[in-house]
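Work through the exercises below with the sequence and the model open. Each task is followed by a solution in steps.

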Amino acid sequence: MTDFAYIAEKPSLGEKVAMALGRINGVTPQKNSGYYVVGKDVVTWVAGHFFEQWMPQEYDPSQAIWRVDNFPFWPDKWKLKPRQPKKGDRDPDFVPRQTAVIKSVIKSAKNLVNVGDPGREGQLLIDEFLEEVGYDPFAKNVWRVWTDDLSDGPLEAAIKTRFPNAKKKNLYEAAVMRSRADWVHGLNLTGLYSALARNAGANLTISVGRVQSPVLKLVVDRDREIENFKPVKHYLPNVLFAHANGKFKADWIIPDDAPGMNANKQLVDKAVADAVIAKVSGKTGKVESYAVSKKNKAPPLPYSLATLTKKCASALGLTADDTLKVAQSLYDAKLTTYPRTESEYLRADQFLEAPMIMSGLAGVKEMSALVRGANLKIKTKVWDDSKSAEHSGIIPAKEFSASGLSKVSPIERAVFDLIAKQYIANFYPDQTWDSLTATIGVEGEKFKATGRQVTSQGWRVVFGAVDDDEDDKDKETEQNVPKMAKGDPVKAESGDITFKQTTPPARFNDGTLVEAMTKIWLYVTEPEVKKRLNESGGLGTAATRGSMIKTLLARGFLKRPGDAKKGKVSNKDAVALISTETGRSLVDVLPPQITSPGMTALWEGQLSKIADGQYAPELFYEALLKTVTKYCERAKETPLRIAGATIEPLPGDGDKCPNCGKGTMRTRKISKGDNKGKRFLSCDAYNKDDPNTCKHAVFPDSGPKKDVKPAEGHGRTCPKCGKGQLITRKGKTGAIFLGCNNWVKDNKALSCDYVEFPEEKIAALPGDGEKCEKCGVGRMRTRKFFKGDQKGERYLSCDGYNKDDPSSCRNAIFPDRKQAPAGKSGSGKGGASNPSGKRKSSR
């Protein structure tokens, strides 16, 4: 009998738990297939969610087709299913195989232990697995290990201080509600808007999501701001002043009531600037104020995944997805810490690991000098337990080794260097400088001079003393303003005018968009929403933001610059993100409540209360269903048009399908081939993944094939059904005919079979028009062969012939021959007219 069966969130975590248990119990872990035996304990693992939500069509087969009437929809009883393998999975049988291992291992265990990551999803991962295999995750014999620090000491301490898993039941409930809320909101609105779009002729998937839609709107709004931006030219006079201790430049302090100003307090009249320069040039003024202040800048914080993504996008041209893959690879190689972190801070106990980490970094040639210059007694503000609750910032791992680093790829090495230098910088002093400011008065005008004198580069030497403060808007100029005193005389030796022009904001790239997601509160105005979004950490999670961008690109809502794949753009431009026409149209048609991050703010506030036991999950779910129902009702009442994708409806759009009698005929457009761009009608009950669904389609816009000229009457309304159009066709024999495009091959009873064969102008043979000598009823008409050895040859046949009626007259005369061709006698095959209007050929 096993004492404790530990279930870890991933194999690597399972291994670490097994090793920690081995040290605690003084035994050597024995590795088996899918688990470790550690004395009387066992350690096994999952790898992500082993179970996933049922899809709508699994609850109700009619949901397999997106139709407007299907929405809203949610199940009466929620169900999970084993995770299905995805394309490209290296081991598609892993989930069922490992599930069997875990079930076997925990069957004989007295106690079970949830070792999921410390957070909402980590709690759900293990708890839902236990539920699905028949165990109560909150029974008295189920425990929880809670730690984000997998180094030896903290992990061993967490194992020793495990607590009842029932204490995290509220957190589990919050995770379940989040999962179901995303399902109900995302799948209902995606399905409904896609159905509405297709009814309007736009053959595309309109994916809608709590996070995805607001993120798309961020990019659309930014792109439109850039495109509508009108640059403003403005001017700033500056003067070179001479003081006894040296010369310096100062800018004119523009009075609020100065002439030539625009609404943004910018000087747009150059003549005013010229007049100021002329007014003070050569004149003597006085120093009205002079100040020197000591300033300093602390080292940068370690990277979170968001800040690392931003840096990798600008410095290395990596996408968000690429950055996460590299960071995960470095983590798996035990070179850096856990990458999917929102925090830039470190725990206080990690400060004790610094000597070991720095010792490892000293073995890297390019970093040895930086390590030698570090002072491990310096303790910056980065060591803060209150800001690293679940996961701390990304830093070199305690297990780091130079030999391990030597095995990584160049891009992995480049990312590691960014992470390592950011960590090393925290053992260097602040950068310090003297900030110098002076105000000069001359001829009634005031000028301001700023400057800085660096007293110590401090931590900047780690980065080569490069000053790249992108966000430092109030930074002083680098000039050395001489020491002065109030009242000192200064002379305006010469003047100049700085020409300035306002610039639009930069387009988003992976890094800046991820940053915008994490700081989404900066893009909203409502105080309460700002507060909630700030508290919840923005939109998405560290693990999902990169994949969100990937989805928006795959859907065709965003795109990269055209030359990105050709290597013709810079790193920064290669990861730029631009909204497409489709993406913009989607933002325009969705209600503002759906494209606003306010929904996430509301959800997160409520989910946090559920996790704290302050709000009932049932109330959250009930409100969710009411809201989604309201969104669906409003969507159905609003016309939907997607620019560049919506198609003008054809006559018959909205009619019941004549083939199945259940679906509705909708206008579509041919996307490729000779008829690309032409419209047609097809049944909306069709599902490409189900061969049994209705495939009926008619092609009113389709013309004849390339080698067939439109016959007289082409495009005319069908005289039989009054709905279809007569389209020129070519029969199997080569005969040209007009057929109603409302014909259905597989259901003739419900479709129109009207055809007519326009008389081709064939030179009449002698006897044309005479009464048939065989039947005495019909008349002889000149016909022509359309294929075979006799192609083009004329003959006479009785117009009373009907190939489907064996009793009809088959009289045929071949004036140029002594007898009819073998097998053709009296058949009339290849003839022209068919006055009956009945369809005689099949398509």
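**Exercise 1. State how many aromatic pairs a search of the whole structure finds, and classify the pair Phe351 and Trp383.**

Solution. The search of the whole structure finds 26 aromatic pairs. Rings of Phe, Tyr and Trp (its six-membered ring) pair if their centres lie within 6.5 Å; planes under 30 degrees apart count as stacked, over 60 as edge-to-face and the rest as tilted. The ring centres of Phe351 and Trp383 are 5.1 Å apart and the planes stand at 75°, so this pair is edge-to-face. Helices (H or I, at least four residues) and strands (E, at least two) are DSSP runs, numbered from the N terminus. Phe351 and Trp383 are both buried, where buried means under 20% relative accessible area, exposed over 50%, and partly exposed in between (1.4 Å probe, protein chains only).

The model is predicted: local features need pLDDT of at least 70, side-chain atom pairs count only at pLDDT 80 or more, and totals for chains, interfaces and linings use all residues. Residues are numbered from 1 along each chain as its sequence is written, and side-chain values use heavy atoms, with hydrogens and water left out.

**Exercise 2. Classify the pair Phe400 and Phe416.**

Solution. The ring centres of Phe400 and Phe416 are 5.0 Å apart with the planes at 10°, so the pair is stacked. Phe400 belongs to the loop between α12 and α13, while Phe416 is in helix α14 (residues 410–424), 16 residues apart. Both Phe400 and Phe416 are buried.

**Exercise 3. Which charged residues lie over the rings of Trp146 and Trp433?**

Solution. A charge sits over a ring if NZ of Lys or CZ of Arg is within 6 Å of the ring centre and within 35 degrees of the ring normal. Over Trp146 sits the charged end of Lys168, 3.9 Å from the ring centre. Over the face of Trp433 lies Arg452, at 4.2 Å from the ring centre.

**Exercise 4. Describe the chain as a whole.**

Solution. Count the elements: the chain has 22 helices and 26 strands. The radius of gyration (taken over C-alpha atoms) is 39 Å, well over the 28 Å that the globule rule (2.2 Å times the number of residues to the power 0.38) gives for 843 residues, so the chain is more spread out than a compact globule. Buried residues make up 48% of the 843 residues.
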